[in-house]
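Subject: Structure for your review

Dear colleague,

Please find below the structure that I would like to hand over to you. My notes on it follow.

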Amino acid sequence: MSTCLVTGCAGFIGSHVCEALLAKGLKVIGIDCLTDFYPAGRKRANLAPLLSSPGFQWIEADLYAMDLPSVLAKVDRVFHLAARAGVRSSWGESFDLYIRENMGVTQRLLEACRTARIERFVNASSSSVYGNTPDLPAREDSRLCPASPYGVTKLAAEKLCDVYRSEMGVPAVSLRLFTVFGPRQRPDMAFDRFIRAGLSGDPIHIYGDGSQVRNFTYVSDVADAFLLAAERECPSGVYNIGGGCTVRLSEVLAFIEESLGRALNLHFEPKAAGDVNATDADTSLAHHEIGFSPKITWKEGILRQIEWIRNSQASCC
Ligand SMILES: NC(=O)c1ccc[n+]([C@@H]2O[C@H](COP(=O)([O-])OP(=O)(O)OC[C@H]3O[C@@H](n4cnc5c(N)ncnc54)[C@H](O)[C@@H]3O)[C@@H](O)[C@H]2O)c1
């Protein structure tokens with residue numbers, strides 16, 4: 001690898017992937033237009049350490065509208081993390097944005113890759129493609145039953161990667177990420193909301209009764225998976241990337257409570273449409289074919305996320 005393109009570089013996971021690439025001494029071109037899905041201030045803070053690295057260049061541009069071939073001519077690997085995330089907000093009128101950001105942008109990038117000399121295109125897919133699959137833990141060949149419009153767009157993006165790989169020779173691979181957490185997590189995601197509200201004493205709204213089960217994946221393990229997928233052969237083309245164990249949400253809440261040393265102000269709300277009861281990943285394919293093994297346990301990861309939130313709150317006061 002010499003120069004890499006990271007789309008969504010100002011986002012939660014994209015900023016960690018940039019950091020991991022720069023730590024290996026690689027040059028990184030990052031593209032992000034700081035969409036309004038959550039405050040731009042959070043994304044500028046994610047970008048700040050990257051911008052002080054001499055190997056990093058940020059292009060502030062909308063991937064859907066920009067001249068992609070001129071950027072792709074300068075890179076040999078693409079890490080595609082730009083997207084409209086979020087399950088609950090994908091219903092209703094905002095679905096147009098999900099089509100544009102998740103399907104439209106992915107198709108335009110893949111189309112531009114046809115004529116560029118790209119050695120690998122690593123696409124951030126999601127466990128939401130499994131939705132309410134009856135096959136748990138989910139394997140890559142399990143039934144795909146997305147339960148939200150977001151999941152449908154992520155599955156479409158993955159299928160676009162498949163057809164551009166098989167019909168057009170674009171070396172695309174998709175990583176199905178299972179609930180990612182850690183420093184810089186998006187503000188709409190559970191751990192960020194729980195920890196911040198836990199520190200301030202604000203109410204925490206839980207959708208469902210807390211019995212839902214998730215496979216949580218620490219963000220540095222996800223960044224490692226992106227680098228492995230860029231370097232290895234990846235014969236299967238699609239891989240589950242999960243944290244190695246499943247945890248009940250109520251256990252997470254109890255651990256956050258214990259770690260903060262104070263009771264959480266919990267309010268239980270009805271389960272939201274599109275939220276699934278359980279996710280669980282079989283990651284043996286990623287282990288055997290690309291050498292992926294998660295290193296950070298969910299408890300260690302939560303402690304790191306709490307520390308990061310405390311430090312970032314202290315530095316902005
Ligand atoms: N966070 C998770 O738990 C999780 C789980 C599964 C899959 N994923 C996938 O991982 C990827 C990254 O997720 P995240 O949580 O870091 O999200 P994020 O919202 O923090 O990052 C996405 C970034 O993409 C940028 N972006 C979106 N559309 C753009 C466009 N048209 N042009 C330029 N920039 C654009 C946004 O400004 C944002 O900074 C997404 O593809 C998401 O679907 C995330």
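In which strand is P203 found? The model is a predicted one, and in it P203 belongs to strand β8, residues 203-207. P203 counts as exposed because 11 other C-beta atoms lie within 10 Å of its own, where 12 or fewer is the limit for that class. Setting aside residues up to four places away in sequence, P203 touches A197, N265 and H267. P203 and E231 are 28 residues apart in sequence, yet their C-alpha atoms are 45 Å apart in space.

Strand β8 pairs with β13 in the parallel sense, over 5 bridges. Within this pairing, I204 stands opposite L266 of β13. Strand β13 covers residues 265-269 and is hardly covered itself: of its 5 residues, the number that are buried is 0.

The interior

The largest nonpolar core contains 83 residues, and V17, C113, F226 and A229 have the most contacts inside it. Helix α7 (residues 219-231) supplies the largest share of this core, namely 9 residues. For V17, the contacts beyond its neighbours within four places in sequence are V6, F79, L81, A223 and F226.

The ligand surroundings

There are 29 residues around the ligand, of which G8, G11, F12, A83 and V180 come nearest. The elements that contribute two or more residues to this shell are α1 (12-23), α4 (95-115) and β5 (120-126). Of these, α1 gives the most, with 3 residues. Sorted by class, the shell holds 17 nonpolar, 6 polar and 6 charged residues.

The protein as a whole

The protein has 10 helices and 13 strands. Its radius of gyration is 19 Å, close to the 20 Å that the globule rule gives for 317 residues, and the protein is therefore as compact as a globular protein of that length. The C-alpha trace spans about 55 × 45 × 40 Å along its principal axes. Of the 317 residues, 45% count as buried. Among contacts between residues at least 6 apart in sequence, 81% join residues at least 24 apart.

With kind regards

How values were computed: Residues are numbered from 1 along each chain as its sequence is written. This is a predicted model: local features need pLDDT of at least 70, side-chain atom pairs count only at pLDDT 80 or more; totals for chains, interfaces and linings use all residues. A nonpolar core is a set of buried Ala, Val, Leu, Ile, Met, Phe, Trp, Tyr and Cys residues joined through C-beta atoms within 7 Å. A residue is buried if 20 or more other C-beta atoms lie within 10 Å of its own, exposed if 12 or fewer, and partly exposed in between; C-beta atoms are placed from the backbone. Helices (H or I, at least four residues) and strands (E, at least two) are DSSP runs, numbered from the N terminus. Two residues are in contact if their C-beta atoms, placed from the backbone, lie within 7 Å. A residue is near a molecule or strand if its C-beta atom, placed from the backbone, lies within 6 Å of it. Ala, Val, Leu, Ile, Met, Phe, Trp, Tyr, Cys and Pro count as nonpolar, Asp, Glu, Lys and Arg as charged, and the others, Gly among them, as polar. Two strands pair if DSSP finds at least two bridges between them. The radius of gyration is taken over C-alpha atoms; the globule rule is 2.2 Å times the number of residues to the power 0.38.
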